[in-house]
Amino acid sequence: MNTNRLSPMMEKALSDQMNKEIHASHVFLSYGIWADDKGYQGIANFLYRHAQEERNHSIKFMEYILNRGGKPKVDAIPAPPADPESLSACFDGVFKHEVDNTTAIYRIVDLALEEKDWATWNFMQWFVQEQIEEETLAQNLIDKLKIAGGDRATDESLFTLDKTLQETPNEVPLAQEATGNNP
């Protein structure tokens, strides 16, 4: 008996999003390495934590697909973009990545509505809310850097920004503690 409660199209869309979340994790990890190499350990730590959060999101998609009787497909993950040229470019890249991810999330919500797949529609509402928070967080990074002086910020302003991001509470659980309900 077939116990898969996802249409083939929905299963593929959810698997694609799982892979998109892993790609996002790699992008933020790459940006974190870049920041660490430039001496911005606070910004790097912030980006590393964000990379872990994106990985946890991919696990949430994986578990949902499995729980609905499907089989997630792991694809090759594209390489992250080249190192940013500046902190502005780095933070702009974070924002762009989040907006692109929001668009992908909305496509899945639209598909769930079209297919009357209410379980998936309900599951996706967590991600809709999460993307509001993610885009706001990315916009706040851009705003903080602008307040500090943007790419012309003084060393003192950048030091303060780096320290502020270092002290941002770490709300990302350890990977081994991640579950679908608590990514």
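How do the axes of α2 and α3 cross, and within what distance do they come? They cross at roughly 15 degrees and come within 13 Å. Here an axis is a line fitted to C-alpha atoms, for helices over the stretch in contact, and angles run from 0 to 180 degrees between N-to-C directions. That angle makes α2 roughly parallel to α3, since angles under 35 degrees count as roughly parallel, over 145 as roughly antiparallel, 65 to 115 as roughly perpendicular and the rest as oblique.

A word on what you are looking at. This is a predicted model, in which local features need pLDDT of at least 70 and side-chain atom pairs count only at pLDDT 80 or more, while totals for chains, interfaces and linings use all residues. Residues are numbered from 1 along each chain as its sequence is written, and side-chain values use heavy atoms, with hydrogens and water left out. Helices (H or I, at least four residues) are DSSP runs, numbered from the N terminus.

Back to the α2 and α3 pair. On the α2 side, the contact (heavy atoms within 4.5 Å) is made by Ile-43, Leu-47, His-50, Glu-54 and Phe-61. From α3 come residues including Leu-87, Phe-91 and Ile-105. Sorted by class, this contact has eight nonpolar, two polar and two charged residues. Ala, Val, Leu, Ile, Met, Phe, Trp, Tyr, Cys and Pro count as nonpolar, Asp, Glu, Lys and Arg as charged, and the others, Gly among them, as polar.

Next, follow α3 (residues 87-115) to α4 (residues 118-148). These two pack at about 165 degrees, with axes 9 Å apart, and are therefore roughly antiparallel to each other. Their contact has 20 nonpolar, seven polar and four charged residues. Between them sits Lys-116, which follows α3 and has a positive phi, near 55 degrees.

How does α2 meet α4? Helix α2 (residues 41-67) packs against α4 at an angle of about 170 degrees, with the axes 12 Å apart, so α2 and α4 are roughly antiparallel too. Among the residues in this contact are Phe-46, His-57 and Phe-61 of α2, and Phe-123, Trp-126 and Leu-137 of α4. By class, it divides into 10 nonpolar, three polar and five charged residues.

Now look at the aromatic rings. Rings of Phe, Tyr and Trp (its six-membered ring) pair if their centres lie within 6.5 Å; planes under 30 degrees apart count as stacked, over 60 as edge-to-face and the rest as tilted. The count comes to six aromatic pairs. One of them, Phe-61 with Phe-123, is edge-to-face, at 5.5 Å centre to centre and 85 degrees between the planes. Phe-61 lies in α2 and Phe-123 in α4, so this pair ties together parts that are 62 residues apart in sequence.

The 31 residues of α4 should span 45 Å, and its end C-alpha atoms are 45 Å apart, which agrees.

Conventions: The expected span of a helix is 1.5 Å times one less than its number of residues.
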